Amino acid sequence: FFSRMFVQVCLYFYCKCLWRCLKFVVRKLTGRCELQRICYNTKPGAARTMKIEASLKGSKSKRLQTSVSVHPDAIEKTIDDIMELKRINPDINPQLGVSLQACLLQIVGYRNLIAEVEKLRREPYDSENPQHEEMLLKLWKCLKPNSPLKARISKQWCEIGFQGDDPKTDFRGMGLLGLYNLVYFAEWDTEVAQQVLCDSLHPKYSQFSKTEWEKKKFDKAIGYSFAIVGINITDLAYNLLVSGALKTHFYNVAPEAPTLTHFQQTFCYLMHEFHKFWIEEDPLDIMEFNRVREKFHKRILKQLQNPEMALCPHFAASESLINM
């Protein structure tokens, strides 16, 4: 055991030294540091930003290592520090500073987005808070505009997929984040949200694709609880974010710092895609939910391994992607 550990440690230091020597030789031959080579040889988006992030984190310089966690207001000064540390003349390499700034905005923005999402997740739903109650009622109005809610505590909540008479108990797992996502979906993608809700209640008569129903002979057509699944998909989106898997998507669709809106748009996409996936899987009963969810999770993770992947490129946020 100790012999194996000794060999692994020696191999680690050997590779580390060899890698640094290789970088030194390449710089001497090309006249460019690693950051320059990445920016000049890799197109903008996730491929470039993730390489820049790895390069900065793996640097032997503490100043470079900490540059990925600076405050957004300090990014410009950080770029100046990097250029100075790497002895790069900004007058000769004007585009490099612009490219590094775009990458750092994405990297720092992703970290800040995790903090913002985490804060919402940890905040519990409070029925005594008028803003929380207002958002909950907005969810009902968006999903059921022609069916007035008869009372705040009512069995009607089950019609949009909550478990009981008072939805506040269903938000415990994801806190306000679950409510924020559901309201965003219902308010900004209303037609799709209402259709998904309708299909979840009556999947056999879904307008998903009548030809597909006949072709695949879906006979069971098991429905699901829309709101509960929305909270569950919020959990899935949250884990994709925290694990770093969503970096590929966000670095491709957000030209600068990804925001909560980008996260909520991703949630809308996941809800829509999960709904289609659920019908395609045609589960025997609702007890198969965890199996279907895990399979769906693996599919999304596989897609995100592609550095050019953008889960929902049709959203407006991606249309303004600037090639910097």
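**Figure 1. Helix H11 gives the most to the lining of the second largest pocket, with 3 residues.** The structure is a predicted model, in which local features need pLDDT of at least 70, side-chain atom pairs count only at pLDDT 80 or more, and totals for chains, interfaces and linings use all residues. Residues are numbered from 1 along each chain as its sequence is written, and side-chain values use heavy atoms, with hydrogens and water left out. Helices are DSSP runs (H or I, at least four residues), numbered from the N terminus. At least two lining residues come from each of helix H11 (226-243) and helix H14 (289-304). The complete lining consists of Gln163, Tyr224, Ser225, Ile228, Val229, Asn232, Ile286, Met287, Phe289 and Asn290. A pocket is an open set of points on a 1 Å grid over the protein atoms alone, where a 1.4 Å probe fits, with protein on both sides within 12 Å along at least five of seven lines; lining residues have an atom within 4 Å of a point. The volume of this pocket is about 170 Å³, taken as the space filled by probe spheres set on the points. Its lining comprises 6 nonpolar, 4 polar and no charged residues. Ala, Val, Leu, Ile, Met, Phe, Trp, Tyr, Cys and Pro count as nonpolar, Asp, Glu, Lys and Arg as charged, and the others, Gly among them, as polar.

**Figure 2. Helix H11 packs against helix H13 (residues 260-281), with axes that come within 10 Å and cross at roughly 125 degrees.** This makes H11 oblique to H13; angles under 35 degrees count as roughly parallel, over 145 as roughly antiparallel, 65 to 115 as roughly perpendicular and the rest as oblique. Axes are lines fitted to C-alpha atoms over the stretch in contact, and angles run from 0 to 180 degrees between N-to-C directions. From H13, the residues Phe263, Phe267, Leu270, Met271 and Phe274 meet residues of H11, including Phe226, Val229 and Leu241; contact means heavy atoms within 4.5 Å. This contact has 13 nonpolar, 2 polar and no charged residues.

**Figure 3. Helix H5 (residues 75-85) packs on helix H6 (residues 94-122) at an angle of about 125 degrees, with the axes 10 Å apart.** H5 is therefore oblique to H6. The contact divides into 9 nonpolar, 3 polar and 1 charged.

**Figure 4. Helix H2 (residues 34-41) and H6 cross at roughly 85 degrees, their axes coming within 10 Å.** H2 is therefore roughly perpendicular to H6. Leu35, Gln36, Cys39 and Tyr40 of H2 meet Leu96, Ser99 and Leu100 of H6. By class, these residues are 5 nonpolar, 2 polar and no charged.
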